[in-house]
Amino acid sequence: MLAKGQTVIQYMEQLAPKHVAEPEDRIGLQLGTLQKEIRTVLVALDVNDEVVDEAIRLGADLIIAHHAIIYRPLKQLQTDTPMGKVYEKLIKHDIAVYVSHTNLDVTEGGMNDWMAEALGIENTSPIHDLHNEQLSKLVVFVPKSHHEEVLNAVLDAGAGWIGNYSHCSFNIEGFGTFIPREGSNPYQGKAGKMERAEEVRIETIVPHTIRNKVIQAMLKAHPYEEVAYDLYSMDLKGRSLGLGRVGKLKEPLTLAEMAEVVKEKLDVPHVRVVGDLNRTLRKAAVIGGSGGRFYPQALFRGADVLVTGDIDYHTAQDALAAGLTLIDPGHNAEKIMKGKVTEWMQQKLQENKYDTKVVASSVNTEPFQFM
């Protein structure tokens, strides 16, 4: 069975929800339709002519890319321009293009976490906060016979996270009362008669982004025909989501040693380095893409080095004067997303028994050559 385009994108948005993207970022479906079955998904960093040719060879119906193919509003669509030819080829071969950009950067388990993990940066937090997750308090009343089943269903669905602690809940025993009315099908008790049931009150924290998932898991596990539960909005904020990651290195490294780690782990032939190569680094920051403008935030959070692409001359001068070292692996280092997104999507499709294939693009879209 092949997955529909909408289904594939639902999985993608579980990984990188659209609402966490930076305002005005060009994300989502940019070309084509999702109203079709998808034989093959091609995951690419960029969409250029070579990538489109690759998609055609593979029989791909959908490209999931990190960088937008339409960034500014089109005033006309001329098929004799370089990008116009790309659009024309995509349309003629019915290949849709979906873009996941800053939402993939920001999300937990996304671009910047992949890069931080590859570079040995631990116990990370965002460099630049964009969102604080909204939390709700879920309260549900469960018969004692099904307490563990419902509790585990709710917590395994993602509720109950407080900081680095998972499966947090509060449980208290009591009794509930109800009278089943005519036409009801009670789990226990008889119609028209007051029933007293030994129950457990379960309380836990639920992030807004997975609220529906948690409630559905709870309702599925609950034995009652009509489930009594409450959902309260909370002033307490949850996880902070933002651009970049900063944390401690697994072990201290010199700037020269860190540059070699970046080259190896991010698979780049060369890096540009700013600072004393013998300086010892203990805390590092990383931002995928072009993140030089965030060097003051990285410095404020205690970083000794910032790893990011497209650092300009004056930013390098300013960061060096402020005491921050820099490593620039280029923008194309974000290609780490190709394998990671492919792995994520394959797992989701296989779990749900879809035959849709997912392939990481093998095209090198790095525009620079290193002499």
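Which element gives the most to the lining of the second largest pocket? The views below take up this pocket among other sites. The model is predicted, with local features needing pLDDT of at least 70 and side-chain atom pairs counting only at pLDDT 80 or more, while totals for chains, interfaces and linings use all residues. Residues are numbered from 1 along each chain as its sequence is written, and side-chain values use heavy atoms, with hydrogens and water left out.

**View 1. The second largest pocket has a volume of about 610 Å³.** A pocket here is an open set of points on a 1 Å grid over the protein atoms alone, where a 1.4 Å probe fits and protein lies on both sides within 12 Å along at least five of seven lines, and lining residues have an atom within 4 Å of a point; the volume is the space filled by probe spheres set on the points, which are joined across faces, edges and corners. Its lining has 30 residues, with Asp25, His67, Ala68, Tyr71 and His101 lying nearest the centre. Two or more residues each come from α3 (82-92), α4 (102-106) and β14 (280-290), and the element that gives the most is β14, with 4 residues. Helices (H or I, at least four residues) and strands (E, at least two) are DSSP runs numbered from the N terminus.

**View 2. The largest pocket holds about 1,600 Å³ of space.** Of its 47 lining residues, Glu108, Glu133, Thr209, Ile210 and Arg239 are the closest to its centre. The elements that each supply at least two lining residues include α1 (5-15), β8 (128-143) and α11 (336-351), and the largest share, 7 residues, comes from β11.

**View 3. Helix α2 (residues 49-58) has Val51, Val52, Glu54 and Ala55 buried.** Buried means under 20% relative accessible area and exposed over 50%, with partly exposed in between (1.4 Å probe, protein chains only). Seen down the axis of α2, the buried residues fall within an arc of 155 degrees, taken from the directions from the helix axis to the C-beta atoms, so they line one face of the helix. The face turned away from this buried side carries the exposed residues Glu50 and Arg57, whereas β4 (40-44), β5 (62-65) and α3 are included in what covers the buried residues.

**View 4. Val8 is in contact (heavy atoms within 4.5 Å) with residues that include Ala3, Ile38 and Val41.** Leaving aside neighbours within four places in sequence, its contacts also include Leu62, Ile64, Met345 and Leu349.
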